[in-house]
Amino acid sequence: MPADASSLVSPTFDQLRPHPQALVREVSGLLERLAAVPDPRGPRGVRHPLVAVLALTACAVLAGAKSLLAVGEWVADAPPAVLEQLGVSIDPLFPKRSWPAESTVRRLLVRVDADALDQAVGTWLADRRGEPESLRGLAVDGKSLRGATRASGRKIHLLAACDHVSGLVLAQMDVGEKTNEITRFRPLLDTLPDLTGTVVTSDAMHTQHDHATYLLNGGPTTS
């Protein structure tokens, strides 16, 4: 089966672009979340840890990279101290071979589990948000990605959960071609750690009895 014309990895990292003020002390939390993403490669011959490649990509996006080529250029220019902080082991004899090339980053991102990566990024953004001072509002809505299509020619459609105040996309999920937003409502919210004290808003499509029962029973805290 042909690969999709556009990977879901790009919209995952798009969540980072409006929030570039990441502090040095937050890097360890980012690495911890990214470490939960399963590595699609076999253990033999792996030169660059997956968490390091994902962290480099995330930092490149936070720094303004908008393409895989720009990510590769940012990685190539990154100081050794930054690479080491992100989990890259520097070879003193061949330092240039220590960081992944753009082609390596591209191949790995195409294979990685986009939903797992999306959840890791969304959870890290939620970690940065901290505890709300009052009721939190969470908007659940669908969006079709501009310029992104599958091999079949159909657009890629995501269902997202966005914080009302901060605008953070805390979770998003591919709707898929053989289902619709209604069936993805609960799986999307199940990726969030807790909905206590949260008001969930959505359009009329999601005024479903099962959705209301799920939310009244506490959402993912009891699922």
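Residues are numbered from 1 along each chain as its sequence is written, and side-chain values use heavy atoms, with hydrogens and water left out. Because the model is predicted, local features need pLDDT of at least 70 and side-chain atom pairs count only at pLDDT 80 or more, whereas totals for chains, interfaces and linings use all residues.

Helices (DSSP runs of H or I, at least four residues) and strands (runs of E, at least two residues) are numbered from the N terminus. A residue is termed buried under 20% relative accessible area, exposed over 50%, and partly exposed in between, with a 1.4 Å probe and protein chains only. A nonpolar core is a set of buried Ala, Val, Leu, Ile, Met, Phe, Trp, Tyr and Cys residues joined through side-chain atoms within 4.5 Å. The largest such core comprises 49 residues, and V37, V140 and L189 have the most contacts inside it. Helix α3 (residues 50–62) contributes the most to this core, with ten residues. Contact denotes heavy atoms within 4.5 Å. Apart from residues up to four places away in sequence, L189 touches L138, V140, A161, L195, V200, Y214, L215 and P220.

Helix α3 is mostly covered, with twelve of its 13 residues buried; among them are L50, V53, T57, C59 and L62. The expected span of a helix is 1.5 Å times one less than its number of residues. For the 13 residues of α3 this gives 18 Å, in agreement with the 18 Å between its end C-alpha atoms. Just after α3, G64 adopts a positive phi of about 115°.

Strand β3 (residues 169–174) is largely enclosed by the rest of the structure, since six of its six residues are buried. Two strands are taken to pair if DSSP finds at least two bridges between them. Strand β2 (residues 155–163) runs antiparallel to β3 and is joined to it by five bridges; L158 has D174 of β3 as its bridge partner. The hairpin of β2 and β3 has five residues between the strands, and in this hairpin G167 takes a positive phi near 80°. G142, located in strand β1 (residues 136–149), touches H157, L158, L159 and E181 when residues up to four places away in sequence are not counted.

T123 belongs to helix α7 (residues 114–129) and is buried, at a relative accessible area of 17%. Its side chain reaches the backbone oxygen of Q119 at 2.7 Å. Beyond neighbours within four places in sequence, T123 is in contact with R33 and L170.

A salt bridge requires a side-chain nitrogen of Lys or Arg within 4 Å of a carboxyl oxygen of Asp or Glu. Three salt bridges are found in the whole structure. One joins the side chains of D39 and R41 at 2.8 Å, N to O; D39 is partly exposed, with a relative accessible area of 33%. Another links R106 to E102, with the closest N and O atoms 2.6 Å apart. Both R106 and E102 lie in helix α6 (residues 102–111), four residues or about one turn apart. R106 is partly exposed at 38% relative accessible area, and E102 is partly exposed at 22%. In the salt bridge between D190 and R186, the closest N and O atoms are 3.8 Å apart. D190 and R186 are separated by about one helical turn because they stand four residues apart in helix α8 (residues 181–190).

Terms used:
Polar contact = N/O pair within 3.5 Å; in protein donor to acceptor, adjacent residues only side chain to side chain.
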